[in-house]
Amino acid sequence: MDSRPIIYTSITNGYDEIPNEHYYDPDIRYVCFTDGTVEHKEPWEFRDIPIEHECPRRLSAYAKINPHKLFPVGSKVAWIDGCYVMTKKYCEEVKKYLSKYPFTIVRHYNKFTYYDEILEGYMGNFNTWDDQVKITKALADIGYNFRKYDSPVLGTFFRVITEDLFDFHDMWWEYSLIGP
């Protein structure tokens, strides 16, 4: 198994293009999951998204949310949204975090509340009112403490694929099918 860390992304529906300004570190692998609507660029390895879904946002989210179904246990992976430009500093941070921590997210500097997040989804027409109620009830049913919500920046995050994360990712995928 190739032990280099992996930076991966997913692009569907021709929504993004791989930026020409990317910095590429030779000690990192690059994997792009796609529905075939993105121009292939080196050094990216292109893979088909292994599901079908009529919604391109959810199709793209599959790779983001389910790395445990796409990479072997032990893989060190960093997600980056397709529109962001990777810099040398970003690649150095990926290697640093993945060598020290099994799971790292970036906290949003605005400290949004759970209410702020669901309002954004509703006002942006990503979710219906019923979707918001359904996901909030589902979270309440598992004992989620809404007062402790701390908004992450999901444009990038880092993790080592372990069996401990399988249930988390499966639950995230299930909830993502209700709404983002």
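User: How much space lies in the largest cavity?

Analyst: About 40 Å³. This is a predicted model, in which local features need pLDDT of at least 70, side-chain atom pairs count only at pLDDT 80 or more, and totals for chains, interfaces and linings use all residues. Residues are numbered from 1 along each chain as its sequence is written, and side-chain values use heavy atoms, with hydrogens and water left out.

User: What counts as a cavity, and what as a pocket?

Analyst: On a 1 Å grid over the protein atoms alone, a cavity is a set of points where a 1.4 Å probe fits but cannot get out. A pocket is an open set with protein on both sides within 12 Å along at least five of seven lines, and lining residues have an atom within 4 Å of a point. Points are joined across faces, edges and corners, and the volume is the space filled by probe spheres set on them.

User: How many cavities of 30 Å³ or more are there?

Analyst: One.

User: Which residues line the largest cavity?

Analyst: Its lining consists of Thr9, Ile18, His22, Trp44, Ile80, Asp81, Gly82 and Tyr84. Four of these are nonpolar, three polar and one charged. The classes are Ala, Val, Leu, Ile, Met, Phe, Trp, Tyr, Cys and Pro as nonpolar, Asp, Glu, Lys and Arg as charged, and the others, Gly among them, as polar.

User: Now the second largest pocket. What lines it?

Analyst: Tyr115, Ile118, Leu119, Tyr122, Trp129, Gln132, Val133 and Thr136. Helix 3 (114-123) and helix 4 (129-141) are the elements that give two or more residues to this lining. Helices (H or I, at least four residues) and strands (E, at least two) are DSSP runs numbered from the N terminus. The second largest pocket holds about 150 Å³ of space, and its lining has six nonpolar, two polar and no charged residues.

User: Is glutamine 132 buried or exposed?

Analyst: Glutamine 132 has a relative accessible area of 5%, so it is buried. Buried means under 20% relative accessible area, exposed over 50%, and partly exposed in between (1.4 Å probe, protein chains only). Glutamine 132 sits in helix 4. Leaving out residues up to four places away in sequence, glutamine 132 touches Ile118, Leu119, Gly121, Tyr122 and Asn127, where contact means heavy atoms within 4.5 Å.

User: Different topic. Why is helix 1 described as largely enclosed?

Analyst: Because eight of the ten residues of helix 1 are buried, the rest of the structure largely encloses it. The buried ones are Arg58, Leu59, Ser60, Ala61, Tyr62, Ala63, Lys64 and Ile65. They pack against strand 1 (6-11), strand 2 (29-34), strand 4, strand 6 (152-160) and helix 5.

User: At what angle do helix 1 and helix 5 cross?

Analyst: The axes of helix 1 (residues 56-65) and helix 5 (residues 166-176) cross at roughly 170° and come within 10 Å. Axes are lines fitted to C-alpha atoms, for helices over the stretch in contact, and angles run from 0 to 180 degrees between N-to-C directions. The two helices are therefore roughly antiparallel. Angles over 145 degrees count as roughly antiparallel, under 35 as roughly parallel, 65 to 115 as roughly perpendicular and the rest as oblique.

User: Which residues meet there?

Analyst: From helix 1, Arg57, Arg58, Ala61, Tyr62 and Ile65; from helix 5, His169, Trp172, Trp173 and Ser176. By class, this contact has five nonpolar, two polar and two charged residues.

User: And lysine 69, what does it touch?

Analyst: Tyr62 and Asp170, not counting residues up to four places away in sequence. Lysine 69 lies in the loop between helix 1 and strand 4 (76-80). Lysine 69 is partly exposed, at 45% relative accessible area.

User: What about glycine 74, where is that?

Analyst: Glycine 74 is in the loop between helix 1 and strand 4. Its relative accessible area is 34%, so glycine 74 is partly exposed.

User: Which peptide bond is cis?

Analyst: The bond from glutamate 42 to proline 43 is cis, with omega near 5°. Proline 43 is in the loop between strand 2 and strand 3 (45-48). Most peptide bonds are trans.

User: Last one: what does histidine 108 touch?

Analyst: Ser151, Pro152 and Val153, again not counting residues up to four places away in sequence. Histidine 108 is in the loop between strand 5 (103-107) and helix 3. C-alpha to C-alpha, histidine 108 and proline 152 are 5.2 Å apart, though 44 residues apart in sequence.
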